[in-house]
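Hello,

Here is the structure for your files. My notes on it follow below.

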Amino acid sequence: MTTSYRFIVLIFVVLLSTLYQFSSLSAADSSSLYGSLLAVQRNNNWIPRCNKMGSRFECSQNPKCKWCHSEALDDMCFSESKAWRLPHQVFFCDS
């Protein structure tokens with residue numbers, strides 16, 4: 001009886017430690033994993049990170065990005081949808 005009780009306790013401890021390790025993943029880790037899985041599924045709908053591109057050359061290499069000039073703010077790269085929504089009084093975007 002004592003051996004089976006120890007075995008049950010051992011299984012319980014292993015199960016708890018496994019659950020603890022799984023639940024200790026940060027939200028950022030799990031969301032990035034989920035995001036990368038979604039990116040694999042919808043590769044054709046991929047939205048580029050145009051705001052990470054620092055030069056006009058990089059931005060112009062991606063057909064889904066537009067380089068926008070501004071006299072009041074820094075020139076930046078935007079996705080086509082965001083570039084379309086920018087105020088035209090402030091930004092002038094390459095076509």
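Of the 95 residues of the protein chain, 17% are buried, meaning under 20% relative accessible area with a 1.4 Å probe and protein chains only, while exposed means over 50% and partly exposed lies in between. This is a predicted model, in which local features need pLDDT of at least 70 and side-chain atom pairs count only at pLDDT 80 or more, whereas totals for chains, interfaces and linings use all residues. Residues are numbered from 1 along each chain as its sequence is written, and side-chain values use heavy atoms, with hydrogens and water left out.

The protein chain has 4 helices and 3 strands, in the order α-α-α-β-β-α-β from the N terminus. Helices (H or I, at least four residues) and strands (E, at least two) are DSSP runs, numbered from the N terminus.

A search of the whole structure gives 1 aromatic pair. Rings of Phe, Tyr and Trp (its six-membered ring) pair if their centres lie within 6.5 Å; planes under 30 degrees apart count as stacked, over 60 as edge-to-face and the rest as tilted. The pair links distant parts of the chain, with F78 in strand β2 (residues 76–79) and F91 in strand β3 (residues 91–93), 13 residues apart. F78 counts as buried because its relative accessibility is 13%, and F91 is buried as well, at 10%.

Y5 sits in helix α1 (residues 2–23) and is exposed, with a relative accessible area of 58%.

Regards
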